[in-house]
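Here are my notes on this model, as numbered points. Please read them with the structure open.

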Amino acid sequence: MVILYTSDKGNFISLKNITIDEMEARGIKKNIYVNLTNRCPCACTFCLRTTKKMAETNSLWLQKEPTIEEVIAEFESIDISLYDEIIFCGFGEPTERLDAIIEISKYIKKRNSNMPTRINTNGLGDLINKKEIAPLLKDLIDTVSISLNAPTAEEFYEITKNKFGIESYEAMKKFAVSCKSYIPNVVFTVVDCIGEDDIKTIQKVCDDLGIKLRVRPFE
Ligand code: SF4
């Protein structure tokens, strides 16, 4: 089971199989990704999870979700101060395991209060947990990075095919605004392959909400 991993040009490498020196030598960002779950309320057309064959063979697929204790035990075996950032990411949507994020972040911050922490999310955490979750992340998470994916509610729903329906777009934006009150760094991301016109429209959505946009390469 791969719990802590790093990523090299889209390839996932368990931290058990690579040292920090090897990461430096290969020019791999010194990030630790935490793989908590396969679960996600979305079924994005481009998601590796939706390809069953890929899901079964990909090393990040979890036959069983790791317990909080198992995740912390893996952290205990490494010197986290050598890394730049710890990111809750993985195959599924991390906020499906909100309690684990909170407890593991508490552990990380207790061990090293300066260690930057981030959640990469689809922004549907409030809908998943049926409550406003940003206040619970205060002082534990430094960055929330939300995949915006689309400029309109219709397109967002078409791409994500999430189980909450068309209202999910407004809920996702509301979550982002809520995060601004509790999290130092809130950013929307979009993949560069969606085209310049859509990116411009998305930039306007971000500007209206007062949230930064990062255009990232599609992997
Ligand atoms: S939100 Fe992320 S994990 Fe969920 S289906 Fe879409 S790409 Fe996959």
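**Notes on the model**

1. Start with the ligand. In this predicted model, its surroundings are formed by C40, C42, A43, C44, F46, C47, R49, F91 and N122. Sorted by class, this shell holds 7 nonpolar residues, 1 polar and 1 charged.

2. Next, the overall fold. The protein chain contains 9 helices and 8 strands. Its radius of gyration is 17 Å, close to the 17 Å that the globule rule gives for 219 residues, so the chain is as compact as a globular protein of that length. The C-alpha trace spans about 45 × 40 × 30 Å along the principal axes.

3. Helix α3 covers residues 68-76, and helix α4 covers residues 98-111. They pack at an angle of about 25 degrees, with axes 10 Å apart. Angles under 35 degrees count as roughly parallel, and α3 and α4 are therefore roughly parallel to each other. The crossing of α3 past α4 is right-handed.

4. Which residues make the contact between α3 and α4? From α3 come I68, V71, I72, F75 and E76. From α4 come D99, A100, E103, I104, Y107, I108 and R111. By class, this contact has 8 nonpolar and 4 charged residues, with no polar ones.

Technical notes: Residues are numbered from 1 along each chain as its sequence is written. This is a predicted model: local features need pLDDT of at least 70, side-chain atom pairs count only at pLDDT 80 or more; totals for chains, interfaces and linings use all residues. Side-chain values use heavy atoms; hydrogens and water are left out. Axes are lines fitted to C-alpha atoms, for helices over the stretch in contact, and angles run from 0 to 180 degrees between N-to-C directions. Helices (H or I, at least four residues) and strands (E, at least two) are DSSP runs, numbered from the N terminus. Angles under 35 degrees count as roughly parallel, over 145 as roughly antiparallel, 65 to 115 as roughly perpendicular and the rest as oblique. A crossing is left-handed if the near helix is turned anticlockwise from the far one by less than a right angle, and right-handed if clockwise. Contact means heavy atoms within 4.5 Å. Ala, Val, Leu, Ile, Met, Phe, Trp, Tyr, Cys and Pro count as nonpolar, Asp, Glu, Lys and Arg as charged, and the others, Gly among them, as polar. A residue is near a molecule or strand if one of its heavy atoms lies within 4 Å of it. The radius of gyration is taken over C-alpha atoms; the globule rule is 2.2 Å times the number of residues to the power 0.38.
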